[in-house]
Amino acid sequence: MSEDNYSLSGRVFHKIREDILAGKYKTDETLKEKTIGDELGVSRTPVREALRQLELEGLVTIIPNKGASVVGISKQDIKDIYEIRARLEGLCAKWAADHITAEQITELEENIFLVDFHAEKKNYTQVLELDNKFHEILYEACNSKMLKHELSAFHHYVERVRKITLSMPDRVEKSNEEHRLIVDALKKHDALEAERLATSHMLNTISNMDKFGWDNLLEN
């Protein structure tokens with residue numbers, strides 16, 4: 001396959017994955033190569049390659065002579081992701097405590113201030129973007145490209161759920177306070193405390209989703 005074709009199938013892959021994670025395609029919905037190709041302005045070949053990649057990720061299942069259908073993200077998948085993230089985010093914060101720069105600390109503190117500002121005005125789209133940025137700064141600060149790659153992937157997988165939970169005023173306030181405590185630990189270069197707080201931050205998210213109700217989360 002040429003480099004151009006590979007890049008094209010990669011772009012198609014990311015677009016279909018984004019649409020599945022955003023809820024455009026429902027669980028068990030059939031994904032028709034021609035329809036998707038027409039929507040994206042590409043031939044069926046890069047769509048077929050993208051669907052094969054998505055099958056490897058567990059988001060799609062392909063049945064011979066029947067085609068591809070959506071598997072999607074289940075309640076158990078989301079819980080598994082947050083359990084895994086809890087451990088990895090803790091490790092990330094632990095390593096970040098040793099490597100974080102003064103500039104990154106300043107960025108994190110500004111981020112916390114801006115979340116308070118936008119949450120008060122109920123600008124929840126900005127709150128989600130700022131939450132993304134907070135974690136991106138942490139991933140960069142841990143000084144491990146491998147850990148950054150894994151965490152970024154998990155972060156993206158649950159963005160639809162995060163969008164819902166971060167539109168709840170109580171959770172936004174608590175989440176931002178948890179971020180503030182993590183930053184305080186990072187400023188002191190207290191690796192073990194940063195690890196504990198970051199792990200707890202993720203586990204608190206699971207508890208919040210249990211309270212909100214999984215049916216509400218998965219239907220949105």
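Predicted model: local features only at pLDDT ≥ 70, side-chain atom pairs only at ≥ 80, totals over all residues.
View 1. Buried residues come to 44% of the 220 in the chain.

**View 2. The fold, end to end.** Eleven helices and three strands make up the secondary structure of the chain. Going along the sequence, the pattern reads α-β-α-α-β-β-α-α-α-α-α-α-α-α. The C-alpha trace spans about 60 × 40 × 30 Å along its principal axes. How much of the contact list comes from residues 24 or more positions apart? Counting contacts with a separation of 6 or more, such pairs account for 73%.

**View 3. The three-stranded sheet.** Here is an open sheet with the strand order β1-β3-β2 and antiparallel pairing. β1 (30-31) and β2 (60-63) are the edge strands, each pairing on one side only. Between β1 and β3 (residues 67-70) there are two bridges, in the antiparallel sense. To find one side of that pairing, look for Leu 31, whose bridge partner in β3 is Ala 68. β2 and β3 also pair in the antiparallel sense, over four bridges. On that side, Thr 61 has Ser 69 as its bridge partner in β3, and Val 60 stands opposite Val 70.

**View 4. Asn 65 in the β2-β3 hairpin.** Three residues sit between the strands of this hairpin, and Asn 65 is found in the loop there. Its backbone is the thing to check: Asn 65 has a positive phi of about 70 degrees although it is not a glycine. For context, most residues other than glycine have a negative phi. Is Asn 65 buried or exposed? Its relative accessibility is 85%, so Asn 65 counts as exposed, the cut-off being over 50%.

**View 5. Val 42 in the α2-α3 loop.** Val 42 has its place in the loop between α2 (33-40) and α3 (44-56). Although this is a loop position, Val 42 counts as buried at 16% relative accessibility, with the cut-off at under 20%. Which residues does Val 42 touch, not counting those up to four places away in sequence? They are Leu 8, Val 12, Gly 37 and Val 47.

**View 6. Helix α4, residues 75-99.** This helix has 25 residues. From the first C-alpha to the last, α4 reaches 35 Å, close to the 36 Å expected at 1.5 Å a residue. The buried residues of α4 include Ile 78, Ile 81, Tyr 82, Ala 86, Cys 92 and Ala 93.

View 7. How does the span of α6 (residues 124-141) fit its 18 residues? At 1.5 Å a residue the helix should span 26 Å, and its end C-alpha atoms are 26 Å apart, which agrees. Buried residues in α6 include Tyr 124, Val 127, Leu 128, Leu 130, Phe 134, Ile 137 and Leu 138. Asp 131, Asn 132 and His 135 are among the buried residues as well. Just after the helix, Asn 143 takes a positive phi of about 65 degrees, although Asn 143 is not a glycine. Asn 143 has its place in the loop between α6 and α7 (145-157). At 55% relative accessibility, Asn 143 counts as exposed.

**View 8. Asn 176 in helix α9.** Asn 176 has its place in α9, which covers residues 169-187. Its relative accessible area is 3%, so Asn 176 is buried. What is Asn 176 in contact with, leaving aside neighbours within four places in sequence? The partners are Ile 112, Val 115 and Asp 116.

Terms used
Residues numbered from 1 in each chain as written. Heavy atoms only, no water. Expected span 1.5 Å × (residues − 1). Buried < 20%, exposed > 50% of the residue type's maximum accessible area, 1.4 Å probe, protein only. Contact = heavy atoms within 4.5 Å. Pairing = 2+ DSSP bridges.
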